[in-house]
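Please open the model in your viewer and keep the selection tool at hand.

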Amino acid sequence: MTLYEQFLEGSVVALSKIISHIEDNRDGYRELLARLYRRTSGIYRIGLTGPPGSGKSSLVNRLATLLAGQNRKVAIVCIDPTSPFTGGALLGDRLRMQDIPPDKGVYIRSMGSRGSSGGLALATSNVTVALDAFGFDTLIIETVGVGQMELDIIDACDTVVVALVPESGDAIQALKAGLMEISNVFVVNKADRMGADQMVYDIQSALEMRVQPSDWEVPVVPTQAINNKNIDRLLEEIQNHRAYLEASGRLKANRRQQLKHKVEQEIQRLVQGDINATTLAGAILDDVVADIMKGEDDPYSAGKRLYERYKLGS
Amino acid sequence: MSEKIRVLLAKPGLDGHDRGIKVIAAAFRDAGFEVIYTGLRQTPEQIVTAAIQEDVDAVGVSILSGAHMTLFPAILKLLRDQGGRDILLFGGGIIPDEDIVALEKMGVAKLFTPGAATTVIIEWLKQAAAARTKDDKLL
Amino acid sequence: MSDKPFWEEYEKRRRKWDSDKEKYSQGSRPRFMTVSGDDVGILYGPDGFDQSKYLDKLGFPGEFPYTRGIHHTMYRGRLWTMRQFSGMGTPAQTNQRYHLLLNGGQTGLSVAFDLPTLMGYDSDHERSRGEIGNCGVAVDTLADMETIFKGIDLAKISTSMTINAPASILLAMYIAVGEKQGVPSHGLTGTLQNDILKEYIAQKEWIFPPEPSIRLITDLMAFCADHVPKWNTISISGYHIREAGATAAQELAFTLADGFTYVEAGIKAGQDVDVFAPRLSFFFNAHQDFFEEIAKYRAARRIWARRMRDKYGAKDERSWLLRFHTQTAGCSLTAQQPENNLMRTAFEALSGVLGGTQSLHTNSMDETLALPSDKAVLLALRTQQIIMHETGVVNTIDPLAGSYFVENLTDKIEAEAEAYFDEIDRRGGVLKCIEEGYLQREIAKSAYRYQQEIERKERIIVGVNDYVTDEKIEIPLLRIDESVAREQVASLNRIRKSRDNDKVARTLADLTSCAKGDGNTMKAILDCVRVYATEGEIVDALRPVFGEYTEPPIF
């Protein structure tokens, strides 16, 4: 049996190997994704982000347990940074997810950011297709929200949860990092700490002050993930958001937008790949840049010229 | 994209001494591997479930408590039962020579004795992972 | 001591010597560093030690700040206790080993428990499979403790028990054994390790989260103050922190910081510092860098005395004394050429003695491979006896005082520790640091660096990365047979059947209520233990109230 056939029969081993194929862009992965896509049912994607130390993994631990208890078929993807110097990564988020009952079939996969910007968001989106096709109905994506890369992933989710903790003035950082705009639900974790109430208040004030892009009122939920406190309220808010998206038609609209973006991306990747393999093959680009630096050319004319050449099929 | 070597590192059983396994985790990361570290006091079931979900090339286990003749075979059996027969099981710790021989006969890919240099372990893993046949047909 | 002409001349001559030495080879090795990785100067002179500060910084043995020793006469009055950490297999086997050691000249007992016991699991628990009796003795009920101490008079011996998360339970069992022997708890002497903070930091044998664990400790402290006054309630440990890869300064700093945390907890619980502090003791590692270790012990005494008197307001002198047990470094032993470990242990033990330890354990040479054989453990004991009787080092107190190098190192390591105290305070205290993984990360970084030094051959370990041979290991190993597990489980089942199960259920229920409220858990645990409740049952009675601990991700 091929991996795909085993996948269709529900083999977790096959699912895992297929995810690796997809992550690595190995031979045949596009065709595989095309087939997998036909089997998707629109898995619900919850993105969870926040600075290191905010207790994201513990939150995922509790949320997934609750969801599994409600008989959802849950998958989790945890993303951690890959070292830009060595290419290696320490993926330790699973360590915090050991309360999830093992008999509920919750699937956890750790991914390294693997360096290339844009590549990670794409890989995540493709892995989501596999998980969707396998039959999971809820996906939690956990990532550290410290860069454009992570923001792209998070942006591709349906409900975005941002987790902060009282200690380090995170509220202000959140405002700066663009998390304010994309967050659908705020969590103040470790809410037994000093400063928690103040932080809840600060975030609520900041939310009130901005121009509301929609009529969803972003809630701020205090939690204590380690002690399993108020997680049910967090889940409730996530479900409320989902209900809102569905009722307002925004879920469909967002997904339409995301799909459009995805198709554009696919085209761009194919085109870029093709140009790289033909017109720009070899050291052409290096030579062009050398000329520009000598003052014998400029980026705009060079770009246009190479593009014309490509159009003519060379 | 080059295929990364993915390794699961875990401590099964009750022993809590994680100095060695953490040094190896850091060395592996510096060698470019993706290291999934699942922590202390893992049951064989937890280790194998994680190994399968993460599609790792290898599982590395450290046992200093003398429980290796119970734990290694348990992990081997679960790997085989759950379709992970091709995942390399390796490890180290306080394991007498004759037990090393017995365990390697049972199917443990390699056991390292105390003092083994991380460079040696990394080299071994690179070769062993490359030698794994990944001949599953995709479609 | 300000002798201007002397100093001018000295400085001149030293400068000349420094420049003259450049003519000579200095590269016999890539780096000259301590085991902790600190660079060491080529020569230390009188400019490194301000004699005028002698009275303030060193003083006299038995007098504040105790840098030179906590007792007036030190080893001339009383030699250190030779206390070999020991325990294996069944209680009966352990009892045998204890009689061997006592007959061999050991002067105190030290109990090693197996992993299931350390973690609060009974021998018939699923998680105990394969682990029973491997690293120490299996203890499930009071009956096991009675067997371990059969033929040993608890009134005459002092016993150290290396147990942490379930420490209260094992102490309760020891007290109950005493009761059966007719020894009242007031007459019992010994030490309980009971240092949960270092578990979170280094040894990682925990059950409950930090707060309830500290409550168990303060309850025990209060109980012992009234009922077991000669008992050392905590052995605040650096040994394990060092074994996990910490440097000497980290070992010193994190251990003392833990100590301060316990003192603060005791005070917060309304206890009198002069009642509980004299019963706090310490446990340090004796690693391989001879002088660094000696400096570490001396700095430890000075720091503790000052803080106890000046920060915590302890008035009783005994509260200022840092009493400590030392164990030679397990992590320095090699599996290759195991006989080399005899020498390593000897040098390490010597540094512990020159550092003024009150009690000493020397490792056996075959411990990298298995629990020590009878022969190896006797050799380890002999190591101490030879130091004690043949080397002459006990003839005078703190013989290295005044050494330019050692005083310099002592000051240096003290300063490093103080810097860590400041940082820990800045981050909100030890518990906060544990939660954020700060202490654990510092240790992991040191461990990684040490390993890299070895792999780059900046640090030579004989027999491992140099002077390597192919020799096969010929040392007879002690194996724990499978029959141990069977015997232990059978014994446990017998107890479960023969005890009064109603009483057990009741005492356990009372314990759970006690834990929910603010009664003294030690009393409730003692009740459970007397009716042969198992360790696992007692832990299970506490778990629903206290919860369970999981470690933060440390990368």
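A salt bridge is counted here when a side-chain nitrogen of Lys or Arg lies within 4 Å of a carboxyl oxygen of Asp or Glu. This is a predicted model, in which local features need pLDDT of at least 70 and side-chain atom pairs count only at pLDDT 80 or more, while totals for chains, interfaces and linings use all residues. Residues are numbered from 1 along each chain as its sequence is written, chains are lettered from A and ligands numbered from 1 in the order in which they are written, and side-chain values use heavy atoms, with hydrogens and water left out.

**Stop one: chains B and A**

Select chain B together with chain A, where 32 residues of chain B are in contact with 38 residues of chain A; contact means heavy atoms within 4.5 Å. The two chains bury about 3,000 Å² between them, 53% of it on carbon and sulfur atoms, where buried area is the accessible area (1.4 Å probe) that two parts lose on being put together, summed over both.

How many salt bridges does the rule find across this interface? There are four between chain B and chain A, and one to display is that of B:Glu34 with A:Arg114, whose closest N and O atoms are 2.8 Å apart. Helix H1 (19-30), strand S2 (34-42) and helix H2 (44-53) of chain B each supply at least two residues of the side of chain B that touches chain A; such helices (H or I, at least four residues) and strands (E, at least two) are DSSP runs, numbered from the N terminus. The largest share of that side, seven residues, comes from S2(B).

Now select S2(B) with strand S3 (residues 89-91) of chain A, since the two run parallel and are joined by three bridges; two strands pair if DSSP finds at least two bridges between them. Within this pairing, A:Leu90 has B:Val35 as its bridge partner.

**Stop two: chains B and C**

Chain B and chain C bury about 2,800 Å² between them, with 53% of it on carbon and sulfur atoms. In chain B, the residues B:Leu14, B:Arg19 and B:Arg41 lose the most area to chain C, together 28% of what that side buries.

The rule finds one salt bridge across this interface, and B:Asp18 forms a salt bridge with C:Lys204, with the closest N and O atoms 2.9 Å apart.

**Stop three: the sheets of chain C**

Chain C can now be viewed alone. An open sheet of five strands has the order S1-S10-S9-S8-S7 in chain C, with parallel pairing. Strand S1 (81-82) and strand S7 (234-237) of chain C stand at its edges, each with a single partner strand, so one side of each is left without a neighbour in the sheet. S7(C) pairs with strand S8 (residues 280-286) of chain C over four bridges in the parallel sense, and there C:Ser235 stands opposite C:Ser281. Helix H13 (residues 290-311) of chain C packs on this sheet, touching S8 and strand S9 (324-328) of chain C, and its direction makes about 160° with that of S8(C); axes are lines fitted to C-alpha atoms, for helices over the stretch in contact, and angles run from 0 to 180 degrees between N-to-C directions.

Five strands of chain C also form an open sheet in the order S2-S3-S4-S5-S6, with parallel pairing. Select strand S3 (residues 109-112) and strand S4 (residues 158-162) of chain C, which run parallel and are joined by four bridges, with C:Ser110 standing opposite C:Ser160.

**Last stop: a cis peptide bond**

Finally, select C:Phe64 and C:Pro65, which are joined by a cis peptide bond with omega of about -5°. C:Pro65 lies in the loop between helix H2 (54-58) and helix H3 (74-77) of chain C.
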